[in-house]
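These are my notebook entries on one protein chain. I set down what I looked up, entry by entry.

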Amino acid sequence: MCPLDPKNPFSLFRGSVLGAITEGVFTVDRDLRITSFNRSAEKITGVTAEEAIGRKCHEIFQSDICDSACAIKIAMETGGEVIKHGVNIRTKSGALLPISVTGSVLRNEQGEITGGVETFRDVSALEDLRKEIFLDNFILDSIADGAFTVDKDFRITSFNRAAEDITGVRRCDAVGKKCHEVLRANICQTACVLKKSIETGVDAVSHKVYIQDIEEDFLPVSVSASALRNECGEIIGGVETFRDISAQESLRKEVSMGELILDSIADGAFTVDKDFRITSFNRAAEDITGVHRSKAMGRKCHEVLRADICHETCALKKSIATGRDVSNIKVYIHDAEDDLVPISVNTSVLRGENGEVIGGVETFRDISSLEALRKEISETYSFNDIISKNHKIKNIFATLPDIARSDSTVLIEGASGSGKELFAKAIHSLSKRKGRYITLNCAALPDTLLESELFGYEKGAFTDAKANKPGRFALAEKGTIFLDEIGDISPALQLKLLRVLQEKEYEPLGGTATRKTDVRVIAATNKNLKEQVDKGTFRADLFYRLNVIKISLPSLAERREDIPLLVDHFISKFNKLKNKKIKTVSPDVLDILMRHEFPGNVRELENIIEYCFVLCHGETIERMHLPEGLVPRTSGEEVDFENLRIEANPLLNAEASTIFDALQRFNGHRGKSASYLGIDKATLWRKMKKFDISFPAGRE
């Protein structure tokens, strides 16, 4: 038998599991006198087991919860487990040390409470890391280490939740397997650190290793390994902890995530304490204001921003006072050169771990760049109603001046509401034709009326024809005629239209004289004319006459990046028409619009915004102003969509939705989703947990 140290029962296990783990552990009797004190407890507190055993725990720890909310005391009184975060103890040297505490009870064989056990972890490193990059809205409160134990045959005997998260392997699938089958590390077969620790009894610390996760992607981790010993000091297995290195490195890089969400438009950001003194000031804030971080820190925000709302209607002050977000407020600030800069402001409250208000955060965007972008598009194409940054539409934009200079017939194909007439107007306005721009919807009239509308009629052509009437071709002389829904005209009328295109002449209804015409024809259809030709419902010769220059417009569902631009455009349009001052839509509304399929395309979006203008009496269009059928129901799969709402910051709604869309796009494959978002997998996984996004790992 191994000798027992009566002063510290843990002495038997100094090399076993309790000796190997990083948490401090001690036990007390019912009088709260310490009865055991493990090696990690000695290291964390600086107090030896000999000094601790027999004394009351509050004499050793001098914690800020000892008198009012002692975890181990509450556990013994209630019989349950008690977890306390944000606890501070005083070490032997007198320094305050932040720890995380778990208190539980000890029972005898009869189930009676005989004492308690408390585990505690030094979280000072995590606290320092949080303070160092506090500006970053996307960091997590802690970085969890994966941990597992093996027997002497290297079969896994335990596998913690963090190990599940990092590897993607469930505990039930890992336990019982050999560790190299689960971790599949690059050192498993040749230089396994766990094997070396078990064979030599020497700890291995912070070895860089690559493991393969469930999706077979390589992940860099930092590995530490120790041998596990029994009561007599014999090695009975090993314990390995591993930390995702990419997660640590990415914590300092995640500020750039905001640029992805805001479509490469950098936002300034700063935080303040409760006295409105600036505690952080990012590089974009420096660029926009012209104020260096060193000159901003510690000053009150109104002294740096000098905004027109600082003293009377400060948005940040409102957020801190009410706890609510303020979104998209247009503000003018003075930069370092005393020039006025228009910005869009979002503010939120900052809270501590216990939910108390500790300050606020403000993000702001230089609106002048957006205005310059809109002006550039307008000036380049000389028409204001077509707005797009979609690459297909941009390619069409680039060809419009050349198309306008020619007199060739143009066929515009696109779904209803996709903007075909806007492009026809643009072609005419860019051309040098001096005549009028005339339109006619071919699907709106029966054949007899359509013919007279196109070519006109002579007096006496029919009963009510009491005078000559010019047709649309005559009205469009020297100009352009736009024939919408050309695919709906009858075969007989197709033949007459073919003659106009071929011979440049026509005869009015009831007339005998042929009339020459100089009109440019632009036709549009929401049908596939080639398919109609193949079916025999549309003349092939007319199709080829119309199809000289073809423009195919994508649906709005294919150019979703244009939705925010179009929303702003329609808000500006209806503000003028209806004499209102609506500024924007809420992030929630924009998220719903970005997910909608828009069978009615741009026209449907315009109708939605007009509907919202009827119901909205404030400055922001909210969810309740949307048409009833547009708002998702909170049932079934849509419950997950609703759970993505992060009320703490208006920017986070967009981030959560972007992550969810990426996961949907790649069927849950985290590697591909992370690559698409421009972040690493560990960052994606932490953000999924932050936003409570549950999505099964995909494998392709």
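**Entry 1: Helix 25 and helix 27**

I began with helix 25 (residues 563-578) and helix 27 (residues 601-615), whose axes come within 10 Å and cross at roughly 50°. I note that the model is a predicted one. Angles from 65 to 115 degrees count as roughly perpendicular and those under 35 degrees as roughly parallel; helix 25 and helix 27 are therefore oblique to each other. I also looked up the hand of the crossing of helix 25 and helix 27, which is right-handed.

Next I listed the residues that make the contact. Helix 25 contributes Ile563, Leu566, Val567, Phe570, Ile571, Lys573, Phe574, Asn575 and Lys578. Helix 27 contributes Val602, Leu605, Glu606, Ile609, Glu610 and Phe613. I sorted the residues of this contact by type and found ten nonpolar, one polar and four charged.

**Entry 2: Helix 18 and helix 19**

I then turned to a second pair, helix 18 (residues 391-405) and helix 19 (residues 420-430). Their axes lie 8 Å apart, and the helices pack at an angle of about 40°. That angle makes helix 18 oblique to helix 19. The crossing of helix 18 and helix 19 is right-handed.

Which residues of the two helices meet? On the side of helix 18, I wrote down Ile393, Ile396, Phe397, Leu400, Pro401, Ile403 and Ala404. On the side of helix 19, the partners are Phe423, Ala426, Ile427 and Leu430. The residues of this contact divide into eleven nonpolar, no polar and no charged.

I also checked which residues of helix 19 are buried, and these are Lys420, Phe423, Ala424, Ala426, Ile427 and His428. The buried residues of helix 19 pack against helix 18 and against several strands. Those strands are strand 16 (410-413), strand 17 (437-441), strand 20 (480-484), strand 23 (520-525) and strand 24 (549-552).

Ser431 lies in the loop between helix 19 and strand 17. Is Ser431 buried or exposed? I found a relative accessibility of 11%, so Ser431 counts as buried. I then looked up the polar contacts of its side chain. The side chain of Ser431 reaches the backbone oxygen of His428 at 2.7 Å. A polar atom of the side chain of Ser431 also lies 3.4 Å from the backbone nitrogen of Arg433.

Ile386 is in the loop between helix 17 (367-381) and helix 18. With a relative accessibility of 5%, Ile386 counts as buried.

**Entry 3: Glu51**

I placed Glu51 in helix 3 (residues 49-52). Its relative accessible area is 32%, so Glu51 is partly exposed. Leaving out residues up to four places away in sequence, Glu51 touches Gly46, Ile60 and Lys92. The side chain of Glu51 reaches the backbone nitrogen of Thr48 at 3.0 Å. The C-alpha atoms of Glu51 and Phe37 are separated by 9.7 Å, and these residues are 14 apart along the chain.

**Entry 4: Positive phi values**

I searched for positive phi in residues other than glycine. Leu32 has a phi near 65° and is such a residue. Leu32 sits in the loop between strand 1 (24-29) and strand 2 (34-37). At 19% relative accessibility Leu32 counts as buried, because the cut-off for buried is under 20%.

Arg306 is not a glycine either, and its phi is positive at about 50°. I found Arg306 in the loop between helix 15 (301-305) and helix 16 (315-322). Its relative accessibility is 33%, so Arg306 counts as partly exposed.

**Entry 5: The chain as a whole**

Last, I recorded the totals. How many helices and strands does the protein chain have? Its secondary structure comes to 31 helices and 26 strands. Of its 700 residues, 47% count as buried. Among contacts between residues at least 6 apart in sequence, 59% join residues at least 24 apart.

Note on methods. Residues are numbered from 1 along each chain as its sequence is written. This is a predicted model: local features need pLDDT of at least 70, side-chain atom pairs count only at pLDDT 80 or more; totals for chains, interfaces and linings use all residues. Side-chain values use heavy atoms; hydrogens and water are left out. Axes are lines fitted to C-alpha atoms, for helices over the stretch in contact, and angles run from 0 to 180 degrees between N-to-C directions. Helices (H or I, at least four residues) and strands (E, at least two) are DSSP runs, numbered from the N terminus. Angles under 35 degrees count as roughly parallel, over 145 as roughly antiparallel, 65 to 115 as roughly perpendicular and the rest as oblique. A crossing is left-handed if the near helix is turned anticlockwise from the far one by less than a right angle, and right-handed if clockwise. Contact means heavy atoms within 4.5 Å. Ala, Val, Leu, Ile, Met, Phe, Trp, Tyr, Cys and Pro count as nonpolar, Asp, Glu, Lys and Arg as charged, and the others, Gly among them, as polar. Buried means under 20% relative accessible area, exposed over 50%, partly exposed in between (1.4 Å probe, protein chains only). A polar contact is a pair of N or O atoms within 3.5 Å; within protein, one must be able to donate a hydrogen and the other to accept it, and residues adjacent in sequence count only if both atoms are side-chain atoms.
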